[in-house]
Amino acid sequence: MTSAFAERRRARWPWVVLVIVLVLAALVVAAEFIARSVVPSTVRSLVIDNLDLPADQQLDVQVPGMMLPQLIAGTLGEVRLASDEVTVGGISGSARVTATDVPVSGGALGAAKGTVSIDQDEFSLLLDSAQLPVTRIALSAPNATVEGEVELFGRQIPVGITVTPGAEDGDLLLTPVSLSLNGMDVDLDAVSGMIGSAGDTITQPQRVCIADRLPEGITLTGLRIEGTRAVADISADGRITVDQNLLENGTCPRS
């Protein structure tokens, strides 16, 4: 009798183990589901609060991979942020940012890089401090064409300057590639002699500081024209999550 009972008990063990495994698996799935719903919303709230964005700001947050192992380790390997329209420093555009090594309990990021895409009107706002006669701007990859007027022989003459935008040491870099005066193409090298110091200004590469449009902890690392939009590459100081000063707008040298 005892032997038969023991046999039946041993026969039930695989089923007991299976039930325990299934219960644990269900708990893990439930915990993963909860983590996937809670963590992105928490990250979204922190980003909106720190950047002083509107409460209803559209901001998508994704955390690739299994969430629970990352939470247990205390670090999210990668967090992706995306918004079709966000305004920072008075400039509006769509943004895509990827942060890596994000500490769950707070602390500096490992790194953060992304892109911001803006249209022609927003790009023209970046040229407020440029020494260019800007009344109209048109973007057509890979260049931007700036139109305005310069004084020549006592008259205001329409001028069109085509530049290739880029970035240098955090500044916007504008490199002239062609120029027209009163609708006629002219040689860049000849212009400085025609219109004096103004010619030197509009025919030489120009750096435009935009640090005062960005938080101190965000740096412009590249800029290019794609279609009719300007796409800026940016990187963030990992300490931006712990140093409030890095969230304040930077400054530009006084001219």
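Mentor: Let us begin with a definition: a residue counts as buried when its relative accessible area is under 20%, as exposed when that area is over 50%, and as partly exposed in between. Please keep in mind that this is a predicted model.

We turn now to the pair D171 and R207. Their side chains meet in a salt bridge, with a distance of 3.0 Å from N to O. This pair links distant parts of the chain, for D171 lies in strand β8 (residues 171–181) and R207 in strand β10 (residues 206–208), 36 residues apart. What can be said of the surroundings of each partner? D171 has a relative accessible area of 15% and is therefore buried. R207, by contrast, has a relative accessibility of 40%, so it counts as partly exposed.

A further salt bridge is formed by R224 and D233, whose closest N and O atoms are 2.8 Å apart. R224 is partly exposed because its relative accessibility is 31%. D233 has a relative accessible area of 22%, which means that D233 is partly exposed as well.

Next, consider D237 and R239, whose side chains meet in a salt bridge of 2.7 Å, again taken from N to O. The relative accessibility of D237 is 25%, and D237 therefore counts as partly exposed. For R239 the relative accessible area is 46%, so R239 is partly exposed too. Some salt bridges also share partners, and in this way E168, D169, D171 and R207 are joined into one network. In total, the model contains nine salt bridges, among them the bridge between D171 and R207, the bridge between R224 and D233, and the bridge between D237 and R239.

Strand β2 (residues 75–88) pairs in the antiparallel sense with strand β1 (residues 60–62) over three bridges, and D60 stands opposite A82 in β2. Strand β2 also pairs in the antiparallel sense with strand β3 (residues 91–103), over 11 bridges. Here V88 stands opposite I91 in β3. Strands β2 and β3 form a hairpin with two residues between them, and G89 in the turn has a positive phi of about 65°.

Note on methods:
Residues are numbered from 1 along each chain as its sequence is written. This is a predicted model: local features need pLDDT of at least 70, side-chain atom pairs count only at pLDDT 80 or more; totals for chains, interfaces and linings use all residues. Side-chain values use heavy atoms; hydrogens and water are left out. Two strands pair if DSSP finds at least two bridges between them. Helices (H or I, at least four residues) and strands (E, at least two) are DSSP runs, numbered from the N terminus. A salt bridge is a side-chain nitrogen of Lys or Arg within 4 Å of a carboxyl oxygen of Asp or Glu. Buried means under 20% relative accessible area, exposed over 50%, partly exposed in between (1.4 Å probe, protein chains only).
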